[in-house]
Amino acid sequence: MDLQLKGKTALVTGSTAGIGLAIAERLAAEGADVTITGRTQDKLDAAAAKVGAVGRVRAVLADPGTAEGCETLIAAVPQIDILVNNLGIYEAKPFSDITDADWFRFFEINVMSGIRLSRHYFPGMLERDWGRVIFIASESAQLIPAEMVHYGMTKTAQLAISRGLAEQTRGTNVTVNTVQPGPTRSEGIVEFIRSTVSNKDAPEAEREAEFFEKMRPLSLIRRLIEAEEVAAMTAFLASPLAAVTNGAAIRVEGGMVPTIA
């Protein structure tokens with residue numbers, strides 16, 4: 001399927017690994033000119049090489065998790081057609097141990113990064129009458145995990161921001177949506193699963209099975225999602241083919257949310 005992305009410009013944050021890198025690769029493979037970001041030159045160069053192997057890429061050394069980093073990124077790339085707000089952090093921590101600094105750090109990185117970039121790029125999309133803003137949230141926006149309430153809070157906030165922006169697109173060819181992945185395979189999630197299971201030295205497949213049995217029992221697929229599976233949905237939402245999907249929270253979470261609304 002041709003997603004009709006040739007000639008479109010895209011920016012993907014948190015794009016040196018995991019879901020963000022997979023999204024950047026997919027958009028580039030579909031013909032978009034993709035900008036990726038990273039905080040360290042080595043990781044940024046490695047990611048740029050991967051994306052560059054399938055399409056056009058520009059790498060900007062910046063940390064969108066800070067106001068200064070967003071300013072650096074905007075100065076380097078003042079206009080885009082597609083913004084994918086993927087940057088985010090997570091950790092397991094008992095609620096009583098989550099400090100004020102933790103709450104503010106998670107909000108600053110997971111929420112304010114998308115707010116700052118959207119505040120700059122979204123008005124231009126409206127003026128040009130075409131654009132896509134996509135927030136990469138999580139099923140944790142609805143199924144708030146007891147072991148990381150601060151993370152769940154930021155994902156719920158992304159749903160609210162996305163819908164609020166979508167309300168401003170009436171009668172235009174701009175859309176704003178949220179993608180909600182479930183637990184997705186990455187180096188970080190593998191270590192997170194190891195920290196939650198009873199036998200940390202068990203084979204990876206056994207640790208994964210225990211995680212879904214005890215920690216995510218509502219999953220219908222009972223496995224980790226691959227980053228490429230999330231990227232496929234994101235690329236579709238970024239395309240002209242998804243013109244009638246707007247203000248939506250699209251689930252790519254393996255059936256963990258047990259509602260039809």
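Analyst: Buried residues have under 20% relative accessible area, exposed ones over 50%, and partly exposed ones fall in between (1.4 Å probe, protein chains only). This is a predicted model, so local features need pLDDT of at least 70 and side-chain atom pairs count only at pLDDT 80 or more, while totals for chains, interfaces and linings use all residues. Residues are numbered from 1 along each chain as its sequence is written, and side-chain values use heavy atoms, with hydrogens and water left out.

User: Is Ala160 buried or exposed?
Analyst: Ala160 sits in helix α5; helices (H or I, at least four residues) and strands (E, at least two) are DSSP runs, numbered from the N terminus. Its C-alpha atom is 10.0 Å from that of Ala249, 89 residues apart along the chain. Because its relative accessible area is 52%, Ala160 is exposed.

User: What is the mean pLDDT of the protein?
Analyst: pLDDT is the predictor's confidence in each residue, from 0 to 100. Here 100% of the residues reach 70 or more. The mean for the protein is 96.

User: Which element has the lowest mean pLDDT?
Analyst: Strand β4 (residues 82-85) has the highest mean among the elements, at 99. At the other end, with a mean of 85, is α6.

User: How many residues are in the second, separate core?
Analyst: In soluble globular proteins, nonpolar side chains tend to be buried together. In this model, Cys70, Val77, Leu83 and Leu117 are among the members of the second core. Its number of residues is 19.

User: Which residues does Ile36 contact, leaving aside neighbours within four places in sequence?
Analyst: Contact means heavy atoms within 4.5 Å. Ile36 is one of the residues with the most contacts inside the largest core. Its partners are Val12, Ser15, Ala24, Leu44, Ala47, Ala48, Val51, Val57, Arg58, Ala59 and Val60.

User: Which element gives the most to the lining of the largest pocket?
Analyst: On a 1 Å grid over the protein atoms alone, a pocket is an open set of points with protein on both sides within 12 Å along at least five of seven lines, a cavity is a set where a 1.4 Å probe fits but cannot get out, and lining residues have an atom within 4 Å of a point. The largest pocket has a volume of about 1200 Å³, and of its 43 lining residues the closest to its centre are Ala17, Asn86, Gly88, Ile89 and Tyr90. At least two lining residues each come from α1 (18-29), β2 (33-38), α5 (149-166) and α6. With four residues, the element that gives the most is α6.

User: What is the volume of the largest cavity?
Analyst: Grid points are joined across faces, edges and corners, and a volume is the space filled by probe spheres set on the points. By this rule there is one cavity of 30 Å³ or more. Arg185, Val190, Ile193, Glu204, Arg207, Glu208 and Leu224 line the largest cavity, and α7 gives the most, with three residues. The volume is about 50 Å³.

User: Is Thr184 buried or exposed?
Analyst: Thr184 lies in the loop between β6 (174-181) and α6. Beyond residues up to four places away in sequence, Thr184 touches Ile19, Ile189, Leu224, Ile225, Glu226, Ala227 and Val230. With a relative accessible area of 9%, Thr184 is buried.

User: What is the relative accessibility of Phe122?
Analyst: Phe122 is in helix α4. Phe122 counts as buried because its relative accessibility is 4%.

User: What is the phi of Asp129?
Analyst: Asp129 is found in the loop between α4 (100-128) and β5, and is partly exposed at 32% relative accessible area. Although Asp129 is not a glycine, its phi is positive, about 60°.

User: Where does Arg222 lie?
Analyst: Arg222 is not a glycine, yet has a positive phi of about 55°. Arg222 is partly exposed, with a relative accessible area of 41%. Its place is the loop between α7 and α8.

How values were computed
A nonpolar core is a set of buried Ala, Val, Leu, Ile, Met, Phe, Trp, Tyr and Cys residues joined through side-chain atoms within 4.5 Å.
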